[in-house]
Each structure stands twice: as C-alpha cells, then as structure tokens.
Amino acid sequence: MVDSVSFGRYSYDSIQMTDHKHNYNGLGKLAEDISRYGAIAAVELQKIGIASTRDGETLSGPSEGPNPFNEKAYSHGMTEEEILKTIDDFSEAALYAKNRGFGMVTIHGGHGWLVQQFFSPWTNKRTDRWGGSAENRARFAVAIIDEIHRKCGKNFPVEIRISGSEHFDGGYDISGGIDFARQLEGHADLIHVSAGNAHAPGDSLAFTHPSIFKEGGCNVELAEEIKKYVKTPIATVGGLSDPDQLEEIIATGKADIVVMARGLICDPDLPVKARTGRDREIRRCLRCFNCVHEMYEHGRLFCAINPESGKDREISDAPPLKEPKHILIAGGGMAGMEAAITAANEGHKVTLCEKSGDLGGVLRCEVNVPFKKRVGEYIEHQKYMIAKSGVEVRLNTEVTPELAKQIQPDVIIAAIGSRPSLPPIKGIDGKNVLTAEQAFANPELVGNAAVILGAGLTGIELGVYLRGLGKEVTVVEKESTTATRWNGGHIKQLEKSGAASRYDHEVVEITDKGVRCSTKDGEAFIEGETVIVALGMKPLWDEAVALAYSAGEFYQVGDCRRPRNILSATGEGWTAAKQAGKY
C-alpha cells in the first residue's frame, strides 16, 4: 500500500511537507497504519512549478518568459539560489517523512510537474548547467535524489516517477525518456515509468491517465524499452488491473514492478484475490474517471463500482444487524444487483426479480462496444457474485403489488430503472428515430449517416462507437458546450474519430432526411438517415412508488429515483441493503 501526499500546493488540500511547524496532519498515524501490515509506506513529493492554475501570477520554473501552460501567467526562471533551496526543500520533506515513519519517498518527475519541467526541452530553455544537454536537464532530479540520500542515510529508498515519453509535438519521445533514465542510473533506487504531460497540448493527457479509449497497460512498452538501457529496477503504470496481464509483465521481464492506483481503489483486495485463485471475484476498474471527478469536484474519492470506497467511517460506525430479513429487490440493473449482493452478505434472505430475461439493466446495450468491454465484464462479475451469495433470481418477472403480496417480503428495494426521455419535438416518433439504447444494441439499424441529439457522455460515446463502424456522425447539442468535465478525454476522442459537433443548435423538427435546428444565426438543417435521441432518461417513479406499501421497509434506488450514473446506482443499492433491517 502506498499513499501519495503532495509537496507544493496545487489544490486546497495539498499537504505542505516543508511547513513542519504547522503540519500536524496525522502522517505518523497513517505511516503506522500502513506499515503494521508489512507494507512500505511511501510519500510522493512534488512541486508544481509553472503548472499552477493561479492566473495573473509569476510562477517559478526553469526558464524566463511566457508560461506555455497558462497564457494568463508568466514564468520566472529560477535563480541558482532558488534551485538549490528547492533541492534542499525536497530533502527536508523526505527527512520529515522518514521521521514520521515512512519507509521511502517518490519524487514526481513526470506529468509536467517542476522536475519534468527541468528535463523537458519544451519548458527548459536554459543555457547554464541546468539546461541544454540531457545531463544538464536531468541535473535537478539527480541533485534532489542525491541530497535525499545524503540527508536520510542508507536503507531509505528514493523512487522517481518519470514520463517515458511526453507524447506531444515539442516534448520529448521515448529516446528522451531513455536519456532521462540513463542520467538517473546509479542515483535513483527505482525508476517508475509513466507517460505524458498533463498540462501540454494534444493527446498527451490520455497517456498520463489512460481512459476507456486506451488499452490497459498502454504505457508498458515505454518501461520495457527503458529497461533495456539501465540496471535500475523499473516500474510500470497506466490502466493496470488485470491479474493475468500483471503476471505477464513481470514474468516476461517487461518491468520489475507493476503499479496500480485506480485498480486498487476499485478493489483493494485485488492482490489477495489473485494470489488465492479468486480472479472471478476481482472488480476490474472501468477507467470511467468517476473517482477523479469525485475527488476534484466533491473532495472525496469514490469508485463507481466499489461502493465501500470513501466510506470507511460509515462502515465502522454502522449499527449491527438485529435479525435477518426477507428482502425483495425489484430490478436487476446496476443498483439492484449491488443491493442483492450486499444484502445477502449481510445475512438476509434475498429474492431478486428482473422483468427482462437477463441481468444488467440498461448497460447491457453497451457490452459489444469495444471501448466499453469492462462494463460487460462488470455485469458478468456481478452475476457471479449474486450466484455465489445464494440470491434467488427470478428472470422475466416484474414486481407488482400483487406479486409482492404473494412473496410477503419484509423489505422491498425498488431498482426498476428509467425510460428514455423523449421531448415533444415534431417528428420524434418517426421511423428513422432511435433511442441511444437501441442504437448501441442494434447498430445495424443505424443508417450510413446519423444525427445524435445530445452531447452528454452517452451521446459522445455513441458517436465514437458509430464512427468506429464507419458511419458518418453529427452530434447536436442545444447548449454551448458539453456538460462532461471529467470524462476521460471524451471530447477529444469524438474529435479524433472524425465526428462533427454542432453546439448552440436546438432541434425543432425531425424529418426523414435529418433535423431542423434553431441557432443564434438562424435556422440550420443537418442531414442524416437516422436520428438518435440521447437526451437523458426519465425515472420510472410512479411504478416504483406503487410498491412503497407492499412491505414494512421500502427503498427507492438508482435510476428510478433519479437517473445518473453507475456510481450513484451501485452506491444507493449498497446503502439501502446495508440499512435494511437495522432500524
């Protein structure tokens, strides 16, 4: 287990490792909690340099001049004195971590932070001993590592994370990554090879944080190549969570260590389950970026398919189960399946009814989409866990008040989902109109040219999918921008696919030849054989509430409460099942 702590403020919750006087932050307790189970606790030290998001300020970095990351800020070229002071700050932070019980530190030398800014020719234009050649540009990183070793002594390893390639025009490629690693040889105890520059133009960020559009382990080839040129142990990272792939990387010598973050947030027991032959029980990360969104937007880290993530206190403080109940769950989608598994594990008798012939709910339509294959794997995982938990499953069975009266459950959890939202647009009932669910499940029904209404995640992913099938796609959105912020590069992927986007276009009529739109510049017509509605979902509220008085306890969860995402569905299903029978 490794915990990362920031050095140098990038966000409000960064821990200032050099401000010891005011730094009572429980780091010693954290290190103790990690170390008591035999793991090595490590702190990641970083300084952001010119990558700060603070506008209108002069930010310190390698070179003087306009800030390539932020046009509203200016870059101050650090003086020799400031460079040496920063090196000392890193070493003091490392010593502080050691004194708090941490067993090693990681220097963040990648992703566009200060240490990489010194090595990258894109940001380092110096002509003194800190710039120019690879040796000079790597001098800052080497000096930090050496000073930590000097100050912290032996048996305190120093790892450095680097980007094996920056993956954008103007940045360095794998040959630069090899040069960097060669300079670190004999200084760093472990070279951790990541990729990209999170603040650079182009597609670089897609390698720093691999999304659903990248294969798991997309950065392994960088680590494998760098390993050929150095004797220092090499670690690899980037969308890793498949035990077979992790084993293959180590067994074939592509890297010495595999590193996971999101994979362990999704399933902290992944290594134990893999070691004990329980691979089918492993939850594999969807790479959906819900964890990133929750961390930056709400200040807490929640995984879309691990409902226990971020809820340690709620779990430890939960009241004990008074007595097992018979729980009837209506609906076998994401919320219903999670509720069934959790309730069974709590000791309840569980009956799960699904009105269709299969479990998985609305997301079943995406299982054949190449970049959504993890969704299909997750549905199969949940089916397996339901069977393993002894849940009684009744398919092709709709829960009605009459059925509930026959079953006589103590608790009902309604998770019956939602239906597509179809606004009153003229022509929306036309023969050439499909819902997003229909288009995902039956792409053969989509003509050669499609117009997708709605630029949310569903509309964008559908656009990428249909473009991959060779269809012409135009995504139409009435707002001026998409509402998808932390989306794993969805907008860039849509652009990369060649699909067209039309914002500030409100559809007023659908015809058999396309859609007529109202724009700020007047009327516009967009041609398309097929029109696909991806304008959200409406909860099956009335159908759910009809079950409210069919049992002593009633919970309404997932999309039938309010359509959102997998995170909300699994979280509400889990919460209801944990609460049932305890009050």
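How do the axes of helix H5 and helix H6 come together, and at what angle do they cross? In this predicted model, the two axes come within 9 Å, crossing at roughly 30 degrees. The other spot to look at is an open sheet of five strands, with helix H14 lying across part of it.

**The H5/H6 pair**
- H5 covers residues 139-152, and H6 covers residues 174-184.
- Angles under 35 degrees count as roughly parallel, so H5 and H6 are roughly parallel to each other.
- As for handedness, H5 passes H6 in a right-handed crossing.
- On the H5 side, the contact is made by Ala141, Val142 and Ile145; H6 puts in Phe180, Gln183 and Leu184.
- Sort that contact by class and you get five nonpolar residues, one polar and no charged ones.

**The five-stranded sheet**
- Reading across the sheet, the strand order is E12-E11-E10-E13-E24, and the pairing is parallel.
- Strand E12 (392-395) and strand E24 (553-556) sit at the edges with a single partner strand each, so one side of each has no neighbour in the sheet.
- From one strand to the next, the twist averages 15 degrees.

**Where E13 meets E24**
- Strand E13 (residues 411-414) runs parallel to E24, and four bridges join them.
- If you want a landmark here, look for Ala414, which stands opposite Gln556 in E24.

**The helix across the sheet**

Key: Residues numbered from 1 in each chain as written. Predicted model: local features only at pLDDT ≥ 70, side-chain atom pairs only at ≥ 80, totals over all residues. Heavy atoms only, no water. Axes fitted to C-alpha atoms, helices over the stretch in contact; angles between N-to-C directions. Helix = DSSP H or I, 4+ residues; strand = E, 2+ residues; numbered from the N terminus. Parallel < 35°, antiparallel > 145°, perpendicular 65-115°, else oblique. Left-handed = near helix turned anticlockwise from the far one by under 90°. Contact = heavy atoms within 4.5 Å. Nonpolar A, V, L, I, M, F, W, Y, C, P; charged D, E, K, R; others polar. Pairing = 2+ DSSP bridges.
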